[in-house]
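Please open the structure in a viewer and keep the selection tool at hand.

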Amino acid sequence: MDINVKTDDVSEKENAFNDSIQAGKVIEPKDWMPEKYRKQLLRMMSQHAHSEVVGMLPEGNWITRAPSLARKAILIAKVQDEAGHGLYIYSAAETLGMDRSEMIDQLLAGKAKYSSIFNYPTISWADIGAIGWLVDGAAIVNQTVLAKCSYGPYSRAMLRICREENFHNKQGYQILAYLMRGTQEQKAMAQDAMNRWWWPALMMFGPSDKESPNSADLLKWKVKLFTNDDLRQRFIDRTVEQAQAIGLKIPDDKLKWNEETRHYDFGEINWDEFFQVINGNGPCNKLRLKQRNDAHTNGQWVRDAAKAYAEKKKTN
Amino acid sequence: MDSNHQWPTWEVFTQKKQGAAHEHAGSVHAPDGEIALLNARDVYGRRQEGVNIWVVPSNAIIASSPEDAGSFFDPANDKMYRSPNFFKTADGLKQI
């Protein structure tokens with residue numbers, strides 16, 4: 001089926017588009033696509049890019065206080081990767097026809113959404129471990145699937161990101177594993193981080209599909225290949241064993257292996273908290289927005305200098 | 001208008017190793033080619049992904065149109081004899 005069928009009839013074009021997606025075709029920027037597909041992708045990709053950028057803030061908080069030079073170098077590299085991830089995805093999103101500056105303006109004005117997880121504070125060093133292990137672990141489950149999505153530029157950006165996320169995931173796990181071999185205080189610190197990050201990490205996959213307004217379209221168009229609940233379950237199944245291996249307890253009394261389904265059963269997620277946080281009432285929403293705006297404003301001289309330098313070279 | 005709003009985009013091509021072809025990696029924003037190269041290195045080459053980078057102004061790339069792909073590539077469509085698989089050779093022959 002030819003995706004770019006020559007006709008002025010939109011419904012005919014849309015049928016051809018849907019058929020070619022079903023046949024496994026990957027959509028490229030210049031291919032015809034339904035306006036809604038473009039809009040949904042832009043919404044999803046810009047939110048994803050913003051999440052990477054805002055994600056630098058909670059971790060950046062610990063760069064000056066990392067417990068050793070090696071930890072500091074690793075953390076700086078990780079935070080730099082998050083900036084890079086944001087740039088890959090902005091670049092991919094721009095192929096859908098929106099300029100990066102417009103997306104960034106929306107973020108700085110507080111009009112754009114980003115992952116709710118980054119509105120939680122990082123109050124101990126163990127939180128840096130929990131972010132790498134749990135938050136990036138959840139992101140890997142999500143992004144490994146997105147790497148097979150129907151939009152070419154997004155899928156290619158995800159492939160690149162997934163390679164780097166494995167480093168993030170392992171360095172985080174190692175921070176906690178190390179603490180769990182330490183003193184009572186260090187073990188307690190690791191467990192405390194686990195207790196605070198576990199549920200927000202599960203919320204990262206989004207609301208249950210029954211309450212996720214965009215899921216049906218995204219699944220039809222293979223932007224999403226699995227439901228939010230499927231991916232959440234996948235994350236839980238692979239993470240429980242990792243927690244047990246280093247002696248961390250998962251803060252869920254209802255967590256139990258189900259021999260019949262071959263999955264872990266787990267307790268009720270507090271969706272009220274999730275909606276509070278994405279609607280601006282999380283512990284750090286205002287702080288993150290302020291930090292991001294400050295970083296942008298404080299970087300103005302770098303952008304000015306680069307531009308002045310380019311202009312000066314042009315005239316010489 | 002903020003100065004970063006006016007930076008054009010540059011398409012980035014990286015060469016994995018000496019002798020390999022350059023491959024499209026993505027794009028960066030930069031005020032000129034020199035800074036585009038530095039940005040491309042930081043964004044697409046943090047882990048020794050390449051030994052060489054090209055940056056090209058995005059608007060300098062001229063692409064064929066997917067809508068016209070049928071007629072555009074038509075000249076190659078009916079010339080199966082250009083493929084070595086087209087030719088039958090002698091039975092039992094191991095190699096030609």
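Predicted model: local features only at pLDDT ≥ 70, side-chain atom pairs only at ≥ 80, totals over all residues.

Which residue just after α1(A) takes a positive phi? Select A:G24: this residue, just after α1(A), has a positive phi of about 90°.

**First stop: helix α1 of chain A**

Please select residues 10-22 of chain A, which form helix α1. This helix has 13 residues, and the distance from its first C-alpha to its last is 18 Å, close to the 18 Å expected at 1.5 Å a residue. Next, colour the buried residues of α1(A), namely A:K13, A:A16, A:F17, A:N18, A:S20 and A:I21. Displaying α2 (35-54) and α9 (215-220) of chain A shows what these buried residues pack against.

**Second stop: A:H50**

Remain with helix α2 of chain A and select A:H50, which is found there. Is A:H50 buried or exposed? A:H50 is buried, because its relative accessible area is 0%, and buried means under 20%. To see its surroundings, show the residues in contact with A:H50, leaving aside neighbours within four places in sequence: A:Y90, A:M103, A:I104, A:L107, A:A112, A:K113 and A:Y114.

Select residues 184-203 of chain A, helix α8. The helix has 20 residues and reaches 30 Å from its first C-alpha to its last, close to the 28 Å expected at 1.5 Å a residue. Where does α8(A) bend? The bend, of about 35°, is at A:W197, and the proline A:P200 follows within four residues. Both A:W197 and A:P200 belong to the buried residues of α8(A), which also include A:A190, A:Q191, A:W198, A:W199 and A:M203.

Most residues other than glycine have a negative phi. Select A:K222, in the loop between α9 and α10 of chain A. Although A:K222 is not a glycine, its phi is positive, at about 55°. A:K222 is partly exposed, with a relative accessible area of 26%.

Then move to A:R262, in the loop between β1 (256-258) and β2 (263-265) of chain A. A:R262 is likewise not a glycine, yet has a positive phi of about 60°. Its relative accessible area is 48%, so A:R262 is partly exposed.

Turn to chain B and show its strands. In what order do the three strands of the open sheet stand? The order is β2-β1-β3 (chain B), with antiparallel pairing. At the edges are β2 (22-29) and β3 of chain B, each of which pairs on one side only. Neighbouring strands of this sheet are turned by 30° against each other on average, direction ignored.

Select strand β1 (residues 9-15) of chain B together with β2(B): seven bridges join them in the antiparallel sense. Within this pair, B:F13 stands opposite B:H24 in β2(B).

**Last stop: confidence in chain B**

Finally, colour chain B by pLDDT. The chain averages 89, and 95% of the residues score at least 70. Confidence in chain B is highest in strand β3 (residues 52-57), at 98, and lowest in helix α2 (residues 69-72) of chain B, at a mean of 88.

Notes
Residues numbered from 1 in each chain as written. Chains lettered and ligands numbered in written order. Heavy atoms only, no water. Helix = DSSP H or I, 4+ residues; strand = E, 2+ residues; numbered from the N terminus. Expected span 1.5 Å × (residues − 1). Bend = angle between axes of the 7 residues up to and from the residue. Buried < 20%, exposed > 50% of the residue type's maximum accessible area, 1.4 Å probe, protein only. pLDDT = per-residue confidence, 0-100. Pairing = 2+ DSSP bridges. Axes fitted to C-alpha atoms, helices over the stretch in contact; angles between N-to-C directions. Contact = heavy atoms within 4.5 Å.
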